[in-house]
Amino acid sequence: MTASVNDLITLTPKDSCNTKLVAGPWDFDTVPGYGPGSSQADQLPDPVSRPGQLPERYQLMSDTELDERIVAAKATLGEELVILGHFYQRDEVVKYADFVGDSFQLAKAALSRPKAKTIVFCGVHFMAETADILSESDQTVILPNLAAGCSMADMADESSVETAWEEICETYGVDPEHVVPDAEGKLPILPVTYMNSSAALKAFCGRHGGIVCTSSNAATVLEWAFERAHRVLFFPDQHLGRNTAKAMGVALEQMPMWNPRKALGGNTEEQLREAKVLLWHGFCSVHRRFTVDQITQARAADPQVKIIVHPECPMEVVDAADASGSTDAIQKFIAAASPGDSIGIGTEINMVNRLAAQYPDRSIFCLDPVICPCSTMYRIHPGYLAWVLEELVEGRVNNQISVDPKVSSHAKIALDRMLAAKPKA
Ligand code: SF4
């Protein structure tokens, strides 16, 4: 039997990347940094449920009781409820999901159930925001634990991006509020935000002719952008931007980093004029842990091993791997492998464990020997799921994620462009 990541953390706390993870998530929730108000344009839900305020009775319930309550509440709510679970979500929660996928697939899954009154999103905050934007106006989106943010998304806040945009536009001699095409019919610059960003930044892209991308369709999106603009401001993940643009032939010298704490992002005006892709100074704390050394060691142990990593990993790691791709691409890579193959994966541990359980005839392992789940997604514990579902049965909505309609309307423009940009085969 494959242990869940929760079991693994409990069994081997000394091997975990974060010793706080061994505590119950309600204790972990009290660590400041996430939750309503910390992810830029968050609206405080009504009623407000602060992180760490899961009613105590749910904290004390056994796994069996939580399981029975979730199953019963789900059965009572029937077709009125749809539960979405991200690939990186823990098994104890994902087993209740009606759809499991990456953020791109879950965005589409939310669209496929217009009759469900409530969407419970077992992922992180930006995903629930996106579901709220794309769903029907009479649908309600719930994030079981409001502390489930995304550290990468929080690395690009709206005001820093607005300031960067003004400085960049000034360098190109254009009005930041009214960027128009030049004689060639192209914009001097166009914003592209990764799905892992706040609704406010998606709205920023919608207002400025830009687009949202996922790790599945980033190459298609950059092609779309370069048809319309000479340059791209890509945020918040520098690695996805760099890896994707490099694979398209953009030179590294034409991809300067934008550090929001420095004037001109730490660049000269000439560098900005020569740039093709301005990369925001953001990263994923999980994928940043993968190294070339880990790949070298895996190959030393088994020269036949195949390595696939997520494009949120640093460029050197992507270059050293046999393949890179989104969570969906990683799944397809594993499915296409043969029995007996050995495959090292550079992505979040919950997904790797699930693939290992799904394909027991293949030797599948995580490149990182230290157990490091997405610590924000980890905060969706079955206790929170049981609580929000039982409240729904009683007619009460907790932890609703509701994006301001003014933000939502602009964000939807950028998201609709994303949905039209199909991933490359
Ligand atoms: S894995 Fe990284 S990018 Fe994905 S939700 Fe977690 S912190 Fe954010």
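Predicted model: local features only at pLDDT ≥ 70, side-chain atom pairs only at ≥ 80, totals over all residues.

User: Why is Cys 284 called buried?

Analyst: Cys 284 has 24 C-beta neighbours inside 10 Å. The cut-off for buried is 20 or more. So Cys 284 counts as buried. Its place is in the loop between strand 9 (277-280) and helix 13 (292-301).

User: What makes Cys 150, Cys 284 and Cys 374 a group?

Analyst: UniProt places the feature "binding site" at Cys 150, Cys 284 and Cys 374, in an unreviewed entry. They span 225 residues in sequence, yet no two of their C-alpha atoms are more than 9.2 Å apart, so they gather at one spot.

User: Which residues come nearest to the ligand?

Analyst: There are 13 residues around the ligand. Cys 150, Met 152, Cys 284, Val 286 and Cys 374 come nearest. The shell divides into 8 nonpolar, 4 polar and 1 charged.

User: Which other residues does UniProt list for "binding site"?

Analyst: The unreviewed entry lists His 86, Ser 103, Tyr 194, Met 195, Asn 196, Ser 215, His 310, Pro 311, Glu 312 and Thr 327. Take Pro 311, in the loop between strand 10 (306-309) and helix 14 (315-320).

User: Is Pro 311 buried or exposed, and how do you know?

Analyst: Pro 311 has 26 other C-beta atoms within 10 Å. Buried needs 20 or more. Pro 311 is therefore buried.

User: How do you know that strand 1 and strand 3 pair?

Analyst: Pairing needs at least two bridges. Strand 1 (residues 81-86) and strand 3 (residues 118-122) have 5 bridges, in the parallel sense. Leu 81 stands opposite Thr 118 in strand 3. Leu 84 has Phe 121 as its bridge partner there.

User: What of strand 3 and strand 4?

Analyst: Strand 3 and strand 4 are joined by 3 bridges and run parallel. The threshold is at least two, so they count as a pair. Thr 118 has Thr 140 of strand 4 as a bridge partner. Between the two strands the chain passes through helix 7 (residues 125-134), and this β-α-β crossover is right-handed.

User: What makes strand 2 and strand 4 edge strands?

Analyst: The open sheet has 4 strands in the order 2-1-3-4, with parallel pairing. Strand 2 (99-101) and strand 4 (140-142) each pair on one side only, and they are the edge strands. Neighbouring strands of this sheet are turned by 20° against each other on average, direction ignored.

User: Why is helix 16 called largely enclosed?

Analyst: Helix 16 (residues 349-358) has 10 residues, and 7 are buried, so it is largely enclosed by the rest of the structure. The buried residues include Ile 349, Met 351, Arg 354 and Leu 355. Helix 16 belongs to a right-handed β-α-β unit with strand 12 and strand 13.

User: What joins strand 12 to strand 13, and how do the side chains of strand 13 point?

Analyst: Strand 12 (residues 342-346) and strand 13 run parallel, joined by 4 bridges. Ile 345 has Cys 366 as its bridge partner. Along strand 13 (residues 363-366) the side chains alternate. Ile 364 and Cys 366 point to one face and are buried.

User: Why is Leu 264 called partly exposed?

Analyst: Leu 264 has 17 C-beta neighbours inside 10 Å.

User: What is the phi of Asn 399, and why is Asn 399 called buried?

Analyst: Its phi is near 60°, a positive value in a residue other than glycine. Asn 399 has 23 other C-beta atoms within 10 Å and is therefore buried.

Technical notes:
Residues numbered from 1 in each chain as written. Near = placed C-beta within 6 Å. Nonpolar A, V, L, I, M, F, W, Y, C, P; charged D, E, K, R; others polar. Axes fitted to C-alpha atoms, helices over the stretch in contact; angles between N-to-C directions. Right-handed = clockwise from strand over helix to strand, strands pointing away. UniProt positions renumbered as here; feature names shortened; annotations may be inferred. Buried ≥ 20, exposed ≤ 12 C-beta atoms within 10 Å, placed from the backbone.
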